[in-house]
Amino acid sequence: MIAVIDYGAGNIRSVENAFGRLGAKCILTDKKEDILGADHIVLPGVGSFGDAMAKLDALDLPEVIREAVFVSYRTMSVGRISMSYPAL
């Protein structure tokens with residue numbers, strides 16, 4: 001299962017539609033257990049990194065994302081947030 005992190009920003013519908021066209025099952029989620037239990041994780045990006053980080057912080061997701069990235073390396077970021085991703 002692919003978890004697309006839904007933090008109230010980013011191009012999540014485009015990502016969801018792309019996976020659907022490929023026949024891949026994905027869920028939109030902001031829940032730690034869904035993110036850490038997924039086979040793959042996608043973090044959709046936005047044009048404003050500061051706003052995106054504020055939304056991720058409000059959901060307590062940066063630590064979850066760090067854990068997913070540094071423990072299993074199964075995360076893909078999409079868009080401008082990917083350029084600043086190490087800041088998480």
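What follows is a walk from selection to selection, with a note on what to look for at each stop.

First, the ground rules. This is a predicted model, so local features need a pLDDT of at least 70 and side-chain atom pairs count only at pLDDT 80 or more, while totals for chains, interfaces and linings use all residues. Residues are numbered from 1 along each chain as its sequence is written, and side-chain values use heavy atoms, with hydrogens and water left out.

**Colour by confidence.** pLDDT is the predictor's confidence in each residue, from 0 to 100. The chain averages 81, and 80% of the residues score at least 70. Confidence is highest in β2, at 95, and lowest in strand β4 (residues 75–78), at a mean of 60. Helices (H or I, at least four residues) and strands (E, at least two) are DSSP runs, numbered from the N terminus. Now pick residues 80–88: pLDDT stays under 50 there, although the model has 23 contacts beyond four places in sequence for this stretch. A contact here means heavy atoms within 4.5 Å. Where pLDDT is low, the predicted coordinates should not be read in detail.

**Select threonine 29.** You're in strand β2 (residues 26–29). Is threonine 29 buried or exposed? It is buried, with a relative accessible area of 5%; buried means under 20%, exposed over 50%, and partly exposed in between (1.4 Å probe, protein chains only). Its side chain makes a polar contact with the side chain of aspartate 34, at 2.7 Å. That term covers a pair of N or O atoms within 3.5 Å; within protein, one must be able to donate a hydrogen and the other to accept it, and residues adjacent in sequence count only if both atoms are side-chain atoms. Leaving aside neighbours within four places in sequence, threonine 29 also touches others, including Ala3 and Ile35.

**Hop to alanine 3.** This residue sits in strand β1 (residues 2–5) and is buried, at 0% relative accessible area. Draw a distance from its C-alpha to that of leucine 28: 6.1 Å, for residues 25 apart along the chain. Beyond four places in sequence, the contacts of alanine 3 include Ile27, Asp34, His40 and Val42.

**Show helix α1 (residues 12–21)**. Its buried residues are Ile12, Val15 and Phe19. After the helix comes glycine 23, with a positive phi near 80°.

**Finish with the salt bridges.** How many does the structure hold? There are three, each a side-chain nitrogen of Lys or Arg within 4 Å of a carboxyl oxygen of Asp or Glu.

- Arginine 13 and glutamate 16 pair up at 2.9 Å, N to O; both lie in α1, three residues apart, about one turn of the helix.
- Lysine 31 and aspartate 30 have their closest N and O atoms 3.8 Å apart. Lysine 31 is partly exposed at 43%, and so is aspartate 30 at 31%.
- Glutamate 63 bridges to arginine 66 at 2.9 Å. Because they are three residues apart in helix α4 (residues 62–72), about one helical turn separates them. Glutamate 63 is exposed at 52%, whereas arginine 66 is partly exposed at 29%.
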